[in-house]
Amino acid sequence: MKQEELRKQLLLDRSSGYDRLAPGELERMETYCDGYKAFLNSARTEREWASQAAALAEAEGFRPFVPGQTLAPGDKVYTVNRGKAVTLAVIGSDPLDHGAVIGAAHIDSPRLDLKPSPVTEQDGLCTLKTHYYGGIRKYQWVSIPLELVGVVVRADGERVNVSIGRDPGDPVLTIPDLLPHLGDKQSKKPLYQGIEGEQLNLLAGSRPYPDDDGSDRVKLAVLALLHEKYGITEADFLSAELSAIPALPVGDVGLDRSMIGGYGQDDRVCAYAALRALLDIGTPRRTCVAMLVDKEEVGSMGVTGMQSQAFDTFMDGLCRAQNVSLRDCFARSFCLSADVTAAYDPNFAEVFERGNASYLNGGVGICKYTGSRGKSGSSDASAELVGCIRRIFERAGVIWQMAELGKVDEGGGGTIALYMANRDIDTLDAGTPVLAMHSPYEVTAKLDCYMTYRCMKAVFEA
Ligand code: MN
Ligand code: MN
């Protein structure tokens with residue numbers, strides 16, 4: 001055997017995904033990514049994502065699931081959990097005691113939430129105080145344009161949607177950083193202390209209310225503007241969920257346009273892949289489910305997180321329609337827990353182990369395990385499970401790579417995989433490699449986004 005053949009036979013293929021793309025895939029990749037970018041641009045919070053996903057599904061024949069309804073193969077149903085999570089299913093030809101195929105991803109992203117009583121005036125400036133949500137590097141969130149988005153439930157019970165800073169012509173908010181001229185002491189602090197949590201205050205106004213001689217005239221003027229637009233008062237912030245998120249449009253990155261930049265790609269890049277794949281399949285053999293969930297960034301707790309029994313309730317509803325026990329269904333189900341992974345960054349090479357890192361354009365990353373400090377907090381998928389999925393990918397022509405998040409003991413991270421596995425569901429982590437994860441402007445590669453979709457579809461269609 002020639003050496004060249006031997007290399008091909010024995011060595012792991014680490015070539016760029018572009019050298020392995022099948023004919024026609026390049027065009028399909030661009031089309032897919034156009035759809036992804038548009039969705040990411042318009043669905044920037046879990047609430048927006050859930051409602052827009054439901055609308056998209058409705059347009060493609062999905063109907064709200066009503067417990068007690070009958071279900072036939074090919075039926076498409078969905079449910080929205082409290083406006084913040086969405087579960088969709090396409091009923092398979094096999095009954096549910098053969099198990100379901102679940103694609104799970106999360107639609108919440110790190111951000112700055114407003115405190116319950118956020119409006120403050122000091123020294124002539126009105127600011128909105130925040131409490132950050134998820135793992136952010138605080139210094140990244142200053143001196144960038146931010147939009148304010150969310151809901152306020154007024155004293156009269158009315159729920160008002162707030163959006164300021166998204167529409168062209170809207171004003172934006174920002175947290176001004178310190179000027180370098182006076183930043184000497186700040187610059188000597190460890191990076192994580194350069195900006196403290198209590199400094200994440202959004203600049204909201206500077207013009208005092210006219211013809212008034214009381215205190216807090218700037219705050220009064222800002223509240224008057226909010227009252228005029230939304231009919232809300234300062235007390236209404238007590239029953240509100242408002243967040244500041246980057247006011248940055250999604251766009252192509254790189255002179256070759258090979259990458260996508262935007263906020264919240266963790267984990268909406270995987271959530272969109274799961275949603276789109278579910279919309280694109282016919283009647284599957286096993287029932288296919290896309291579970292797009294909230295609260296992953298803060299531990300998957302809460303009624304809309306993956307630890308909530310809301311998922312079990314939905315699945316139990318499907319099972320009861322077929323006189324199947326939920327436990328029997330779960331025991332034979334498979335879940336692809338789709339969450340982004342860290343892409344190797346040559347600028348920070350020291351935190352990666354090059355032989356086991358995932359790379360941009362290497363395809364969707366498969367994580368046998370995640371976790372930190374000795375795989376702690378991980379759902380370590382079995383060799384048998386990885387072997388099974390590997391064959392599915394090879395058959396379907398999915399370009400994929402094995403991905404480990406950084407060097408051993410360098411840090412680490414978790415996903416919702418363990419909460420699925422706790423339900424007696426075989427679970428494997430997979431996801432798109434991301435640069436600058438959790439930053440206001442995350443970067444993915446188009447090829448990897450498309451392969452995340454192809455991997456999800458291959459699993460649904462297996
Ligand atoms: Mn994530
Ligand atoms: Mn995350």
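How many aromatic pairs does the count come to? In this predicted model, local features require a pLDDT of at least 70, side-chain atom pairs count only at pLDDT 80 or more, and totals for chains, interfaces and linings use all residues. Residues are numbered from 1 along each chain as its sequence is written, chains are lettered from A and ligands numbered from 1 in the order in which they are written, and side-chain values use heavy atoms, with hydrogens and water left out.

The count comes to 13 aromatic pairs, where rings of Phe, Tyr and Trp (its six-membered ring) pair if their centres lie within 6.5 Å; planes under 30 degrees apart count as stacked, over 60 as edge-to-face and the rest as tilted. One of these pairs is formed by Phe39 and Tyr272, which are tilted, with 5.4 Å from centre to centre and 40° between the planes. Because Phe39 belongs to helix H2 and Tyr272 to helix H7 (residues 265-280), the pair ties together parts that are 233 residues apart in sequence. Helices (H or I, at least four residues) and strands (E, at least two) are DSSP runs, numbered from the N terminus. Phe39 is buried, at a relative accessible area of 10%, and Tyr272 is buried at 5%; buried means under 20% relative accessible area, exposed over 50%, and partly exposed in between (1.4 Å probe, protein chains only). Ring pairs also link Phe39 and Tyr272 with Tyr32, Tyr36, Trp49, Tyr450 and Tyr453 in a cluster.

Aromatic rings also meet charged groups. A charge sits over a ring if NZ of Lys or CZ of Arg is within 6 Å of the ring centre and within 35 degrees of the ring normal. The charged end of Arg111 is placed over the ring of Tyr133, 3.7 Å from its centre, while Lys375 lies over the face of Tyr369 at 3.9 Å from the ring centre.

Side chains of opposite charge can pair when their charged atoms come close. The structure contains 30 salt bridges, a salt bridge being a side-chain nitrogen of Lys or Arg within 4 Å of a carboxyl oxygen of Asp or Glu. In one of them, the side chains of Glu25 and Arg28 meet at 2.9 Å, N to O. Both residues lie in helix H2 (residues 25-42), three residues apart, about one turn of the helix. Glu25 is buried, at 4% relative accessibility, whereas Arg28 is partly exposed, at 43%. A further salt bridge joins Asp156 to Arg154 (3.1 Å, N to O), and here Asp156 is exposed, with a relative accessible area of 56%. Asp312 and Arg423 form another, with their closest N and O atoms 2.8 Å apart. This pair links distant parts of the chain, as Asp312 lies in helix H8 (residues 310-321) and Arg423 in the loop between helix H11 (417-421) and strand E20 (426-431), 111 residues apart. Asp312 is buried at 14% relative accessibility, and Arg423 is buried at 13%. Salt bridges that share partners also join Glu30, Asp34, Lys37, Asp252, Arg257 and Lys446 into one network.

The manganese ion (ligand 2) is coordinated by Asp266 (OD), Glu297 (OE), Glu297 (OE) and His438 (NE2), at 2.1 to 2.6 Å. Donors are N, O and S atoms within 2.8 Å of the metal (3.2 Å for Na, K and Ca); water is not among the atoms, so sites may look incomplete. Glu297, in the loop between strand E13 (288-293) and H8, and His438, in the loop between strand E21 (433-435) and strand E22 (442-445), are 141 residues apart. Both Glu297 and His438 are buried. Asp266 coordinates the manganese ion (ligand 1) as well as the manganese ion (ligand 2), and the two ions are 3.2 Å apart.

Two strands pair if DSSP finds at least two bridges between them. An open sheet of nine strands, with mixed pairing, has the order E1-E2-E3-E13-E4-E14-E20-E16-E18. Strand E1 (63-64) and strand E18 (400-402) stand at its edges, each with a single partner strand, so one side of each has no neighbour in the sheet. E1 runs parallel to strand E2 (residues 76-81), to which two bridges join it. Six strands form an open sheet with antiparallel pairing, in the order E8-E7-E10-E5-E6-E9. Its edge strands are strand E8 (159-164) and strand E9 (201-205), each pairing on one side only.
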